[in-house]
Amino acid sequence: MSLNQKFDEYYKTKLVRPGNGCCPACGGPIAWRMILEGLDKNTVLYGGAPCASCNMSTINLPQFGLHFSSVGDGAAGIAAAFKVKGREDITVLCSSGDGGVGDISFGKVSACAERNDNIILLCLDNEAYMNTGGQKSGLTPYGAWTTTTPEGKKTKKKMIPMILAQHRIPYLATMSIAYPQDTINKVRKAKGIKGFKYLHLVMPCPTGWRFQESKTVEVSRLMVNSWTWPLYEVENGVLKITMKPKQIPVDDYLKLQGRFRNLAKQEIAEIQSFVDEERNRLVEVEGKNIWI
Amino acid sequence: MPVTRMMEGNEAAAYGAKLARVEVVAAYPITPQTELISSLAEMIARGELKAEYIKVEGEHSALAAVCGASAAGARAFTASSSQGILFMEEIIWMPPGMRLPVVMCIVNRSVAPLGTLRPDHNDSLLQRDTGWIQIYCEDGQEVLDTILQGYKIAEDKRIYLPVAPCYEGYVVSATATPIEIPDQSDVDAFLPPYKHELYSLDPAAPKPRRRGGSIAQGRYDICQAMERAKGVIEEVDKEYSKRFGRYYDGMIEKYRCEDADAIIVTMGSITGTARDIVDEFRENGKKVGLVKLRVFRPFPTEELQEIGKKVRAIGFIDRNTSYGAVAGNGIGCVELGRALYPLKERPVLLNYFVGLGGTDVTMPQLRHITKRVVKAAETGKAEKEVEWVELEKLEE
């Protein structure tokens with residue numbers, strides 16, 4: 001069997017086809033492989049966010065999409081149609097980016113959560129409007145350079161998972177491509193739960209974050225291991241930290257990326273201190289119900 | 001057996017949606033549409049209508065959810081007014097471009113800031129270029145009937161375009177009239193279950209929307225579907241009249257036009273008053289007729305040309321404004337002027353603005369307009385081509 005034939009045989013068993021229109025070393029295709037591993041063929045994909053949708057043409061699932069100003073609502077319509085037709089066995093997966101979920105469709109996502117629409121809402125977060133060349137979004141972290149924050153962002157990242165946790169949704173989780181099994185487990189869990197499920201995966205962007213193409217997974221791992229992006233889930237209000245790596249200095253994560261190049265020592269220290277504080281608070285509530 | 005009940009236009013619209021067996025409703029309240037969607041919510045809650053009602057957080061989401069539902073194979077319905085229609089503008093372009101046969105009632109309300117909660121036609125007419133079939137209804141009965149006809153037209157595979165039944169807030173939406181509610185079995189025979197031949201999101205048998213082809217081709221296809229819609233609207237109206245006994249004359253209604261020299265053109269609720277005015281002038285021996293422009297998109301070009309060939313003056317009564325438009329005209333008159341342009345002998349064209357911001361359109365106003373049009377027909381010229389009737393001293 002030639003290598004090509006082997007590839008063909010392999011992809012016959014997968015929901016994703018080879019090749020995509022993404023930038024080299026984009027975290028997206030890596031993420032999609034894991035996410036689709038947690039799903040099955042009985043799934044409909046709804047999407048529209050540009051970076052997230054670069055992958056859509058390579059995914060073997062029926063698809064529908066509007067614009068990234070319509071995150072959630074179109075999927076809610078699809079789910080309603082399936083419900084009325086007695087087809088609630090079908091998983092409706094809504095894919096979006098940080099700009100869609102956190103900014104332009106924020107109200108819509110909140111409404112889907114409040115209505116407990118039977119969908120999985122996936123946020124593939126590359127921390128800026130990367131499809132337009134890297135502009136600040138509400139989910140861009142403190143200190144990061146973007147083309148609209150040339151001096152570095154002065155405010156912090158909006159914590160969408162925690163905001164949605166307070167919507168009393170049945171399940172949400174944060175995910176990273178550095179921890180594939182954790183990601184797949186969370187997708188599988190979400191698939192088995194009825195109602196609104198929120199999955200938030202940080203998708204490293206070598207183009208916008210300015211790091212070497214070989215370091216996509218490494219940057220992801222450092223992000224989790226520095227506790228800048230802790231991995232947890234909230235099931236019926238109860239928070240569980242799913243990965244507890246030994247904490248490394250936040251600078252190890254920041255220094256690989258050009259977007260943080262201009263941070264002063266003082267600013268790095270500040271970031272370290274609020275990462276520590278947030279880590280402590282997170283550990284404190286572990287195992288507890290955070291619906292407050 | 002059909003039953004007749006007194007009800008407001010909004011409730012009649014809810015009955016239309018119910019009889020059409022809509023499967024997904026997504027809507028957001030706005031005056032004067034609210035009673036329509038609350039009636040539907042009650043019907044669903046009582047189990048009279050088996051549908052999912054998505055209580056969205058805004059109109060943009062309402063239409064987006066309706067698009068998703070329609071693509072997933074459900075007959076979907078929404079309704080809005082004024083600011084709500086403008087808020088969903090981005091999504092308004094989606095159903096035509098994606099060929100989704102949804103129905104959305106536009107309960108006309110004037111647009112802020114130079115507007116009130118009461119009606120004029122700017123909210124719906126602003127959408128005239130987006131690819132929606134627009135049918136303007138005169139009363140509650142026509143609203144109910146047009147929703148049923150609307151799904152039949154929209155879901156016709158020659159068309160696959162969305163339909164907007166438009167009716168004025170308060171005047172139609174909140175006025176109780178006797179409404180004949182057709183029998184469900186008759187409606188079922190008229191309107192079979194929805195099935196889209198271009199789409200299936202069912203993972204077991206997916207049918208992706210056809211992509212490819214140029215943008216120009218996609219848009220041309222919609223224009224062609226609009227052209228075909230003229231025939232389909234007529235056909236559906238005829239079939240409807242056979243089954244239910246009410247006929248709306250397809251694209252336009254001609255009232256006492258046979259030997260008329262002067263014609264006034266109306267849209268929507270003012271037509272009833274205008275018929276009385278025409279009768280009044282006829283009694284005085286004036287050869288006046290009335291055209292009710294029922295369908296604005298596709299525009300009834302051929303029908304109006306036929307009328308234009310036979311008469312000396314036409315006055316278009318616009319309940320809208322289009323700032324800076326050609327000759328200071330309203331939206332309707334501009335279209336009518338283009339329709340009449342190829343005629344060898346063109347009638348005098350006059351334009352009247354009435355009822356802006358929902359002010360009452362009165363008998364004296366319509367009498368004034370008709371007098372002017374009759375005079376233009378007699379003299380062969382217009383003393384004044386455009387009049388803002390509320391700002392004029394009315395002719396006695």
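## Strands, core and chain contact in a predicted model

In this predicted model, strand 5 (residues 171-176) and strand 7 (residues 232-235) of chain A run antiparallel and are joined by three bridges. In general, strands of a sheet pair through backbone hydrogen bonds, either parallel or antiparallel.

An open sheet of eight strands in chain A has mixed pairing and the order 2-1-3-4-6-5-7-8. Strand 2 (63-65) and strand 8 (238-241) of chain A each have a single partner strand and stand at the edges, so one side of each lacks a neighbour in the sheet. On average, neighbouring strands of this sheet are turned by 20° against each other, direction ignored.

Helix 2 (residues 27-37) of chain A is mostly covered, with nine of its eleven residues buried. Among them are A:Ile30, A:Trp32, A:Met34 and A:Leu36.

The largest nonpolar core has 206 residues, and A:Ile78, A:Val92 and B:Val24 have the most contacts inside it. Beyond its neighbours within four places in sequence, A:Val92 is in contact with residues including A:Val44, A:Tyr46, A:Ile78 and A:Phe82.

The contact between the chains takes 29 residues from chain A and 29 residues from chain B. On the side of chain B that touches chain A, two or more residues each come from strand 2 (24-27), strand 3 (52-55), helix 3 (59-71) and helix 5 (89-92) of chain B. Helix 3 of chain B gives the largest share, eight residues. The table divides the residues of this side by kind.

| Kind of residue, chain B side | Number |
|---|---|
| Nonpolar | 19 residues |
| Polar | four residues |

How values were computed:
Residues are numbered from 1 along each chain as its sequence is written. Chains are lettered from A and ligands numbered from 1 in the order in which they are written. This is a predicted model: local features need pLDDT of at least 70, side-chain atom pairs count only at pLDDT 80 or more; totals for chains, interfaces and linings use all residues. A residue is buried if 20 or more other C-beta atoms lie within 10 Å of its own, exposed if 12 or fewer, and partly exposed in between; C-beta atoms are placed from the backbone. Helices (H or I, at least four residues) and strands (E, at least two) are DSSP runs, numbered from the N terminus. Two residues are in contact if their C-beta atoms, placed from the backbone, lie within 7 Å. Ala, Val, Leu, Ile, Met, Phe, Trp, Tyr, Cys and Pro count as nonpolar, Asp, Glu, Lys and Arg as charged, and the others, Gly among them, as polar. A nonpolar core is a set of buried Ala, Val, Leu, Ile, Met, Phe, Trp, Tyr and Cys residues joined through C-beta atoms within 7 Å. Two strands pair if DSSP finds at least two bridges between them. Axes are lines fitted to C-alpha atoms, for helices over the stretch in contact, and angles run from 0 to 180 degrees between N-to-C directions.
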